[in-house]
Amino acid sequence: MSEIPPVFQDFKRAMFRCDAGALANTVTDDFVWELHAGASPDEPAGRVLRGPDEMAAEFSRRKLKWSDVRYDDVDERMAGDDLIIQTFVVSGTDSRGERFCSHAVDLYPLRDGRVAAKRTYWKIEGPGPAH
């Protein structure tokens, strides 16, 4: 099994810092983030964000709307040479003041040494976090 490439650590640091410039150095030009949920019934498979600016804006929005966010039991593995599978438990308090806890899976396809997508799947317990 191959090791997680260093670009993924740079990607995660930039993501949590909401740093679009640093994200741009780690993702492909056509990067997409397929979120775990849509903002409306027209997006049942999840909202899609494009590029580092939209990704950084979403993380900035979450930092304003959600509190006490924790990521526990994080596990990352390579599937072949071009896919990172990450599992974790995310919990916190949403914009309604309600607690949430979800088991999650993110799939990160790699292309040309960069992250090409973030495909997010959450097993939501209860109503799920408010956006």
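Contact here means heavy atoms within 4.5 Å. Axes are lines fitted to C-alpha atoms, for helices over the stretch in contact, and angles run from 0 to 180 degrees between N-to-C directions. The model is a predicted one, in which local features need pLDDT of at least 70 and side-chain atom pairs count only at pLDDT 80 or more, whereas totals for chains, interfaces and linings use all residues. Residues are numbered from 1 along each chain as its sequence is written, and side-chain values use heavy atoms, with hydrogens and water left out.

**View 1. Overall fold of the protein, with three helices and six strands.** Helices (H or I, at least four residues) and strands (E, at least two) are DSSP runs, numbered from the N terminus. Along the sequence, these elements follow the pattern α-α-β-β-α-β-β-β-β. Of the 131 residues in the protein, 44% are buried; buried means under 20% relative accessible area, exposed over 50%, and partly exposed in between (1.4 Å probe, protein chains only). Among the contacts with a separation of 6 or more, 50% are between residues 24 or more positions apart. The protein exposes about 7200 Å², and carbon and sulfur atoms supply 50% of this area. Accessible areas come from the Shrake-Rupley method with a 1.4 Å probe; for residues, only the protein chains shown count as cover.

**View 2. The open sheet of six strands.** The strand order is β2-β1-β6-β5-β4-β3, and the pairing is mixed. Strands β2 (48-50) and β3 form the edges, each pairing on one side only. From one strand to the next, the twist averages 20°. Two strands are taken to pair if DSSP finds at least two bridges between them. Strands of a sheet pair through backbone hydrogen bonds, either parallel or antiparallel.

**View 3. Helices α1 and α3 against the sheet.** Helix α1 (residues 6-17) packs on the sheet and touches β1, β3, β4 (83-93), β5 (99-111) and β6. The direction of helix α1 makes about 165° with that of β3. Helix α3 (residues 51-65) lies across β1, β2, β3, β4 and β6. Relative to β2, helix α3 runs at about 125°.

**View 4. Strand β1 and its partners β6 and β2.** Strands β1 (residues 27-34) and β6 (residues 114-124) run parallel and are joined by four bridges. Strand β1 also pairs with β2, in the antiparallel sense and over three bridges. Trp33 stands opposite Lys118 in β6 and opposite Leu49 in β2. Glu34 has Arg119 in β6 opposite it.

**View 5. The hairpin of β3 and β4.** The two strands pair in the antiparallel sense over eight bridges. Four residues lie between β3 and β4, and Gly80 in the turn has a positive phi of about 70°. Glu76 has Gln86 in β4 as its bridge partner.

**View 6. A nonpolar patch on the surface.** Phe16, Val69, Tyr71 and Val74 make up this patch, with about 310 Å² of accessible area together. Patches are made of residues with over 30% relative accessible area and no salt bridge; like charges are joined within 9 Å, and nonpolar side chains (Val, Leu, Ile, Met, Phe, Trp, Tyr) within 5 Å. Strand β3 (residues 67-78) supplies the largest share of the patch, three residues. Tyr71 is found in strand β3, and it counts as partly exposed because its relative accessibility is 31%.

**View 7. The salt bridge between Glu58 and Arg47.** A salt bridge is a side-chain nitrogen of Lys or Arg within 4 Å of a carboxyl oxygen of Asp or Glu. The side chains of Glu58 and Arg47 meet at 3.0 Å, N to O. The pair links distant parts of the chain, with Glu58 in helix α3 and Arg47 in the loop between β1 and β2, 11 residues apart. Glu58 is buried because its relative accessible area is 4%, whereas Arg47 counts as partly exposed at 21% relative accessibility. Arg47 and Glu58 are linked with Arg61 and Arg62 in a network of salt bridges.

**View 8. Two further salt bridges, Arg17 with Asp19 and Asp94 with Arg96.** In the whole structure, a search finds 13 salt bridges. The closest N and O atoms of Arg17 and Asp19 are 3.5 Å apart, and Asp19 is partly exposed, with a relative accessible area of 28%. For Asp94 and Arg96, the closest N and O atoms are 2.9 Å apart. Asp94 is buried, with a relative accessible area of 4%, whereas Arg96 counts as partly exposed at 43% relative accessibility.
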